[in-house]
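This report is for a reader who is new to the structure shown below. Please look over the sequence and the model before reading on.

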Amino acid sequence: MSKRFRNTALAIGLIAIIAIGAVYIYVQSAFGPGLTIDQTARILVHDRKFGMRARQAAIRYGDPIIPLIKKESNDFALLNGRNSFWIADVLGATQTDQSKAILLDLYGRSTAIARLTGAIGLAQHGALPHELGENSFLVKTVQNDPSQTETQLAIIALGKTKNKKALPCLLAILEKRHLDYSSHAYACEAVARIASPDAIPILRHCLASDEFFALPKAFRALISLGDRQAVPLAIARISPELKGYSAGSVVKELEEVTGEAYGYDRTAWMNWWQKAESEWSIPERFTKPWDEQKETR
């Protein structure tokens, strides 16, 4: 083998290694939580499509990532309809004095999205400064419905208070039809967090309504409240037309809870329920507090 050939082969090999490394870093950056704490903060703040995938890694970093999130977000001036949800989650899950101080600062700001991001985290800390009531900031935000993002952030915050005083506002959302899927889904999660059986009648009505489409969330909320009636109500909504839509995930949830697998065959599900109804009970792991349940929802 000539020296020239060896040098060429080495050069090609080096280029290949660099290229593979670049692709790996790109894939980590675009689709994963990042290779470093700095990269995780950058993805969380700036990646509108895949930023949520950095959320768990950011939570694991804890306090050290908070100044980096603050820097990447230009002191939270870059909060938007995507990253505000993830950042609120990270700050809420980081139960430290540093996190609480940031949340209180956000809650005191003039922009609604910053204040709502702060409210979610403070509610998760159990430190929301103001009482809930008809004239409270969160309730007024939901009632005024200023924007999809702000309304949904307020719904999440209300749920994370785990306060029964939030129920009237949340149940009013569930009673509205023709709202976007996400608002109904967040409202189902919120009432599940509050864990009051007072929500059962309206959740049943949602699951039975042809004009309600957040079926997976309504089903799991009812199950978390210990309501067996969720099963036949969900079965009644199954049809092949749901395939490919978010509402169709109710089949996956039904299979997860029951341990059965009949897909979109409603008749097969009905036949199973007729035989199982008298003895079937909800597995205990699905009636734990909402945030302690395995992330299958």
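Leaving aside its neighbours within four places in sequence, which residues is Tyr181 in contact with? The model is a predicted one, and in it Tyr181 touches Phe213, Ala214, Pro216, Ser246 and Ala247.

**Tyr181**

Tyr181 lies in helix H11, which covers residues 181–194. One of its contacts is Ala214. The relative accessible area of Tyr181 is 29%. Because buried means under 20% and exposed means over 50%, Tyr181 counts as partly exposed.

**The chain as a whole**

The chain holds 16 helices and zero strands. It has 297 residues, of which 48% count as buried. Its accessible surface comes to about 15200 Å², and carbon and sulfur atoms account for 53% of that surface. Among the contacts in the chain with a separation of 6 or more, 61% are between residues 24 or more positions apart.

**Helices H10 and H12**

Helix H10 spans residues 167–175 and helix H12 spans residues 200–208. The two pack at an angle of about 20 degrees, and their axes are 10 Å apart. Angles under 35 degrees count as roughly parallel, so H10 is roughly parallel to H12. The crossing of H10 past H12 is left-handed. From H10, the contact is made by Leu171, Leu174 and Glu175; from H12, Ile202, Leu203 and Cys206 take part. By class, the residues of this contact are five nonpolar, no polar and one charged.

**The loop between H4 and H5**

Another place to look at is the loop between helix H4 (66–72) and helix H5 (83–93), where Asn74 is found. Phe76 is also placed in the loop between H4 and H5.

| Residue | Phi |
|---|---|
| Asn74 | near 55 degrees |
| Phe76 | near 70 degrees |

For Asn74, this is a positive value in a residue other than glycine. The phi of Phe76 is likewise positive, again in a residue other than glycine.

Is Phe76 buried or exposed? Its relative accessibility is 3%. Since the cut-off for buried is under 20% relative accessible area, Phe76 counts as buried.

Terms used:
Residues numbered from 1 in each chain as written. Predicted model: local features only at pLDDT ≥ 70, side-chain atom pairs only at ≥ 80, totals over all residues. Heavy atoms only, no water. Axes fitted to C-alpha atoms, helices over the stretch in contact; angles between N-to-C directions. Helix = DSSP H or I, 4+ residues; strand = E, 2+ residues; numbered from the N terminus. Parallel < 35°, antiparallel > 145°, perpendicular 65-115°, else oblique. Left-handed = near helix turned anticlockwise from the far one by under 90°. Contact = heavy atoms within 4.5 Å. Nonpolar A, V, L, I, M, F, W, Y, C, P; charged D, E, K, R; others polar. Buried < 20%, exposed > 50% of the residue type's maximum accessible area, 1.4 Å probe, protein only. Areas by Shrake-Rupley, 256 points an atom, 1.4 Å probe, with all protein chains shown as cover.
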